[in-house]
Amino acid sequence: MRAFALAVLLMGTVSPVAVSAQRDETLADIRQQLSVLYVEVQRLKRELSTTGAPQTDISGGGSVLARMDSIEQQLQMLTGKTEELEFRIGQVVNDGTNRIGDLEFRLVELEGGDVSQLGETTTLGGDFGELPTAETPDNGPSTELAVGEEADFQRAFAALEAQDFRAAADQFVAFSQTYPGSPLEAEAHLRRGEALEGAGVVTDAARAYLESYSGYPQSRTAPEALFRLGSALGKLGQTNEACVTLNEVEIRHPGTEFIADARVEMQSLGCS
């Protein structure tokens with residue numbers, strides 16, 4: 001792995017400089033080590049850049065639920081890779097930060113400066129503190145809502161209840177863009193689909209329901225999202241897909257209130 005090799009390279013580039021060397025040569029050596037280290041940090045940044053179009057293919061044939069399962073598998077795989085890279089990059093950052101601090105201390109000491117005035121070494125890449133983790137709504141510890149987040153959601157929801165469907169859809173889109181990873185994101189996608197369906201844009205509504213369910217299959221709103229997805233597919237004339245999707249409501253979410261609604265919808269579609 002390039003990230004691991006980079007960590008080894010960082011360890012090699014910041015080896016101790018002999019204090020017994022001549023003053024000018026020692027300072028030059030330390031400055032050179034700092035320069036090399038910063039170059040390697042830039043290379044590390046490039047590790048975080050994409051190299052082209054994503055290779056994931058989820059647009060193939062099969063039912064909607066099969067494609068949802070494929071999406072879930074891809075998400076799990078990518079999550080695992082992300083966690084592995086995050087751990088390795090974290091090791092590089094910690095090691096590099098410690099070594100830069102050591103070099104800065106020695107540089108100030110050799111130049112006759114006051115080492116007591118040195119502050120804490122800035123973390124490589126900037127100090128972001130503890131990064132927030134994305135959480136599935138109602139599927140773990142709740143996160144505190146951002147200022148105005150609940151108010152913006154309630155404003156969009158009020159527009160939906162007032163049957164101002166276009167305004168509601170636009171506001172839910174704005175909400176998802178303003179508060180990515182929000183605990184209310186699953187419901188925001190769901191209600192956007194409901195607003196679009198009310199506006200007669202059933203195809204886009206189905207996409208919103210699918211986005212809500214595939215992104216948060218264990219959330220509180222997941223059974224409703226799956227039911228509404230099946231219902232929307234039925235309205236689009238995709239009866240077979242609709243029947244399979246509606247049947248999955250009871251299989252995937254037993255004991256929920258939308259099972260009865262799904263059965264009624266399946267009966268109206270003539271599902272076998």
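## Basis of the model

Residues are numbered from 1 along each chain as its sequence is written, and side-chain values use heavy atoms, with hydrogens and water left out. Because the model is predicted, local features need pLDDT of at least 70 and side-chain atom pairs count only at pLDDT 80 or more, while totals for chains, interfaces and linings use all residues.

## Overall make-up

The protein has ten helices and zero strands, where helices (H or I, at least four residues) and strands (E, at least two) are DSSP runs numbered from the N terminus. Read along the sequence, the pattern is α-α-α-α-α-α-α-α-α-α.

Of the 272 residues in the protein, 35% are buried; buried means under 20% relative accessible area, exposed means over 50%, and partly exposed lies in between, with a 1.4 Å probe and protein chains only. Among the contacts in the protein with a separation of 6 or more, 60% are between residues 24 or more positions apart, a contact being heavy atoms within 4.5 Å.

## The nonpolar core

The largest nonpolar core has 38 residues, and those with the most contacts inside it are M68, F172, L229 and V249. Such a core is a set of buried Ala, Val, Leu, Ile, Met, Phe, Trp, Tyr and Cys residues joined through side-chain atoms within 4.5 Å. The elements that give two or more residues to this core are α3 (64-110), α4 (149-161), α5 (165-178), α6 (185-198), α7 (202-215), α8, α9 and α10 (258-269), and the largest share, seven residues, comes from α8. In soluble globular proteins, nonpolar side chains tend to be buried together.

When its neighbours within four places in sequence are left aside, L229 is in contact with V64, M68, A206, Y209, L210 and T245.

## Helix α8 and its partners

Helix α8 (residues 222-235) and helix α9 (residues 239-252) have axes that come within 7 Å and cross at roughly 165°; axes are lines fitted to C-alpha atoms, for helices over the stretch in contact, and angles run from 0 to 180 degrees between N-to-C directions. That makes α8 roughly antiparallel to α9, since angles over 145 degrees count as roughly antiparallel, those under 35 as roughly parallel, those from 65 to 115 as roughly perpendicular and the rest as oblique. The crossing of α8 and α9 is left-handed, a term used if the near helix is turned anticlockwise from the far one by less than a right angle, whereas clockwise is right-handed. On the α8 side the contact uses P223, L226, F227, L229, G230, S231, L233 and G234, which meet E241, A242, T245, L246, E248, V249 and R252 in α9. By class, this contact of α8 with α9 has eight nonpolar, four polar and three charged residues, where Ala, Val, Leu, Ile, Met, Phe, Trp, Tyr, Cys and Pro count as nonpolar, Asp, Glu, Lys and Arg as charged, and the others, Gly among them, as polar.

Helices α8 and α10 pack at an angle of about 10°, with their axes 10 Å apart, and that makes α8 roughly parallel to α10. Their contact is made by P223, E224, F227, S231 and G234 of α8 and by F258, D261, A262, E265 and L269 of α10, and its residues divide into five nonpolar, two polar and three charged.

## The α5 and α6 pair

The axes of α5 and α6 come within 8 Å and cross at roughly 155°, and the two helices are therefore roughly antiparallel to each other; their crossing is left-handed. Here F165, A168, A169, F172, V173, F175 and S176 in α5 meet A188, H189, R191, R192, A195, L196 and G198 in α6, a contact with nine nonpolar, three polar and two charged residues.

## Single residues

E197 is found in helix α6 and counts as buried at 16% relative accessibility. Apart from neighbours within four places in sequence, E197 is in contact with A205, Y209 and K235. Q163 has its place in the loop between α4 and α5, counts as exposed at 57% relative accessibility, and has a phi near 60°, a positive value in a residue other than glycine.

Helix α9 holds N240, which is exposed with a relative accessible area of 66%; N240 and G230 are ten residues apart in sequence and 9.8 Å apart in space, C-alpha to C-alpha. N247 is also found in helix α9 and counts as partly exposed at 36% relative accessibility, while the C-alpha atoms of N247 and I259, twelve residues apart along the chain, are separated by 8.5 Å.
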